[in-house]
Amino acid sequence: MNKPYPIIGLEVHVQLKTKTKAFCRCENKYGGIPNSRVCPVCMGMPGMLPVLNESVLNDAIVAGLAFGSQIASITKFDRKNYSYPDLPKGYQISQYDKPICSGGFIEIEDDNGTLKHINITRIHIEEDAGKLIHLEDGTNNSYVDYNRCGAPLLETVSEPDIRSSDEAVKYLKSLKEIFEYIEISDCNMEEGSLRCDANISMMIPLSDGTEINTPISEVKNINSFSNVKKAIEYEIIRQVEEYHKTKEVNNGKNKITRGFDDSKGITVFQRSKEGESDYRYFPEPDLPHLEITEELINKSKLRLPELPQNKRNRLENQYGITQYDATTLSADKKLSDYFEKCCKYTTNYKKVANFILTDICSILNTENISIIDFSVSAEDIAQLVNLLSDGTISSWIAKSVFEKMRLTNKNPLSIVEEESLLQLNNDDELDTIVIKVLSENQKSVEDYKNGKDNALKYLMGQVMKQSKGKANPVKTTEMLIERLK
Amino acid sequence: MNTFLSYKELTNSIKQKKISFKEYYETLQQKIISNDKEINSFITVNEKVLDQASEADIRIANGTNRLLEGMPLAVKDNIAVYDMKLTCGSKMLENFTPPYQATVIDRLQNAGIIFTGKTNMDEFAMGSTTETSHFGVTKNPVNHNFVPGGSSGGSAAAVAAGFSPAALGSDTGGSVRQPASFCGIVGYKPTYGLLSRYGLTAFGSSLDQIGTLSLNCEDAALLTASMLGLDSKDSTSSSIVPENFYNFQSITIKGKKFGIIAETMSEHTDPQVKSIINAKIKEIEKHGGIAEVVSIPELEYGVSIYYIIAPAEASSNLSRFDGIRYGLQNNTDKNIDVKTLVTKTRTEGFGSEVKRRIITGNFVLSSGYYDAYYKKAQKARILLSDKFKSLFNTYDFLITPTSPVLPFKLGENIDDPLKLYTADLCTIPVNLSGLPAISIPAGVSKEGLPVGMQIIAPSFKDGKLLGIGEYILREVK
Ligand SMILES: [Zn+2]
């Protein structure tokens, strides 16, 4: 008998980084003094009307194109009615039966490493609500911050094609990568610009060869990829146990809503379907139907950058770097852009990739910054790699030159020249040092001749010391061996 | 001094220096002080009106006067004007002053209009008698025992009482035309989208349109010409400018085809109303107009369609009044939770007609009923509009009584909503179809109560509509 397996669909809300909000001209930005970015429209005052921000429409089209969705020729908005203090109008402007994008997919590797499509049901535009704040100020009062109210969101709904927690995380990572590539969202989970709800149910095989499907749990507002994984893994165990206790199966009406408890790593029951509000959707009469022309779609196509999957393949082919390096670089659009910029000034592609992924990334990690905040230009990095590859400087020197580049912002060649760090390649000069070292270290010479290989390394070190690190290591080794014969 | 002056007459009196604006407004003010206690047409009066009148006199003197310099206008209290309360006739907004004003108000201000005050109305424009206002009933100036109609009853009464030559109202199902008819003046509902709704408190957003109440059609045209045009703040506003907006002289009735809608002249229509309208039609024919009876069988569904769509939109539009950000807040208990606060505020703030429509609206939109009510109503609405459209292939204008009944006595029908709803039979289809229509005085009943005739025109033929209205007012007696 097979093992039980989950059926998972994800609903992802991504906040767009347009200059202004979706339906008013308030600044669209994270944080700020509470209620400093509001106006009569987003505060739902009487007589105020929504006016769609065109950038929101354009961004939604670009997103649809990136996921291979069908862009609707006519789309419309609907009101989703519910009452909550963070929702000033008492309804959210959303899209119900004519979403701007339908279909499309994200490609991931399943748990066996086989490529698999996770299909997208729809992508639609909606506006965000404000935020309720419960301060520990002893008053027991709740406060509302409406700064986020009316911020544009795109909701991407997947088909229930996901079969494991790892697949879910891969789907989310890939979705985030694409949204970052098309540069319409920061996808910052901590700031809430990427939020995830997961619909999870289990298929449980029975002894008679049939399968049953457990009631769906919708786990709301999971705030990190690792919590998505935890929530799914928790539900997998919980739902199987629950089934063995109650024998309750999915009947299309018994979906429940659960919340994720961050501190305990578990999901908690919130409400059953009966407790859910009836959203009373109806067409938004304040916004006319929108016609999306071929012309607009074609214009949006021009905005569509190369997508991660394509870039990965191209980096590998065009620059001959390893698949691993190509994947790591393309996971971060800005990092791979930096790599390609470096490649304009050098042909040592593999070395540049290596330098970025080791030396530079370790700095980015320790300083917790992005490549765009990194002070050294791509041109200087390329020059450094060139100096290293053509033997002008030793790798030992390269490290200290890189250090100085970061501190002074000078280019590597001028640092090398100013500090006369050029690699010592002149045979006569090198030979003089080698002879000197050999005569001063008779014991090591004896040791070498007695077969102790370590002695050579010691002598090498002495040459480096006397040459202040400038000696060409390959040449030095050759000359030492020659003299020791 | 006669305060029943049209804009043209007032302008002439000023130009001929018979009076100054200051003197004129002092007379208006006196008249309001002595008579409006009884009529109750205003909720708020503009305290700065005399200063503004003096400014208008200066502009006239130095030649910097604008198109409608110094012309007085009363404004229904669901349209936002800076520094004036926006009560919507409700306790919910009793003390609410908006930090913005309507686009039409901006445009009229730039044309030189002086706003005399905010007029009484049925609460949130829901009603046809001006009896559901939190600020008391308004009486019909023609006969104080009768209602002025509604919901723009305060605006109609202010014009009919001589407090202002014109007023703004809003018309969702007849709320400008029906009170105009009841008070014996002109009411005009423009084509949907002709005037921006920005700053008009929404009732049924797909039906609402700001309109004018005035002594004649020319003033309606003058006001509308200054208000119309695309507004970037209202996505449903139109850039189409109707032709013939000023050129009334060229308009003639000869050869114009009028369709008389049979279903509005049935056995359910008051006999006096019928005979007054029929007499008017005869006169129109005498002047060369061609009148034919037409049938719109779909009309019988108009009231049902309207009382699904309008409450549905209203229930959603009124959700914002929850006592949290502005307006009434019932927080007598310091430790009140949010849900209780919202419930208490709405229970206290809304009157019973508003509550009735919110409940109806929530019902027709709720899952399980949406298809049977709202969706069906939307389909029927389209059929009805198409019917009107096809009739305009044959007819220039359509004619109905504005109201199938004579004005109601005060208190007569306030407890019979269904009877009131069905009395909207003639005006409602116009809103459902987005068409322009006017109500002009057609005669008076034996009791001396005014009867209005409704003329409906094709979309954006507003100029021609007002022109023919003015022609009939002047020539077809
Ligand atoms: Zn805003």
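How many bridges join strand β4 of chain A to β5(A)? I looked this up at the start, in what is a predicted model, where local features need pLDDT of at least 70, side-chain atom pairs count only at pLDDT 80 or more, and totals for chains, interfaces and linings use all residues. Side-chain values use heavy atoms, without hydrogens and water, residues are numbered from 1 along each chain as its sequence is written, and chains are lettered from A and ligands numbered from 1 in the order in which they are written.

I found four bridges between β4 (residues 78-81) and β5 of chain A, and the two strands run antiparallel. Strands (E, at least two residues) and helices (H or I, at least four) are DSSP runs, numbered from the N terminus. Two strands pair if DSSP finds at least two bridges between them. I noted A:Gln92 in β5(A) as the bridge partner of A:Lys80. The whole sheet is open, has three strands in the order β5-β4-β17 (chain A), and pairs antiparallel. β5 (91-94) and β17 (282-283) of chain A are at the edges with a single partner strand each, so one side of each has no neighbour in the sheet.

I then looked at a salt bridge, defined as a side-chain nitrogen of Lys or Arg within 4 Å of a carboxyl oxygen of Asp or Glu. A:Lys76 forms one with A:Asp97, and the closest N and O atoms are 2.6 Å apart. This pair links distant parts of the chain, 21 residues apart: A:Lys76 is in the loop between β3 (74-75) and β4 of chain A, and A:Asp97 in the loop between β5 and β6 (101-102) of chain A.

Contact means heavy atoms within 4.5 Å. It takes 27 residues from chain A and 36 residues from chain B.

The two chains bury about 2,600 Å² between them, 58% of it on carbon and sulfur atoms; buried area is the accessible area (1.4 Å probe) that two parts lose on being put together, summed over both. A:Pro46, A:Leu49 and A:Arg280 supply 23% of the area that chain A buries against chain B, more than any other three residues.

Which residue forms a salt bridge with A:Asp286? I found B:Arg197, with the closest N and O atoms 3.0 Å apart.

I read an open sheet of 11 strands with mixed pairing, in the order β1-β3-β2-β4-β6-β5-β10-β11-β9-β7-β8 (chain B). Its edge strands, β1 (42-45) and β8 (290-294) of chain B, pair on one side only. Six bridges join β4 (residues 166-171) to β6 (residues 209-214) of chain B, and these strands run antiparallel. In β6(B), B:Ile210 stands opposite B:Ser170.

**Entry: backbone exceptions**

Most residues other than glycine have a negative phi, and most peptide bonds are trans. A:Cys187 has a positive phi of about 50°; I located A:Cys187 in the loop between α2 (165-181) and β12 (194-205) of chain A. The peptide bond from B:Gly150 to B:Ser151 is cis, with omega near 10°.
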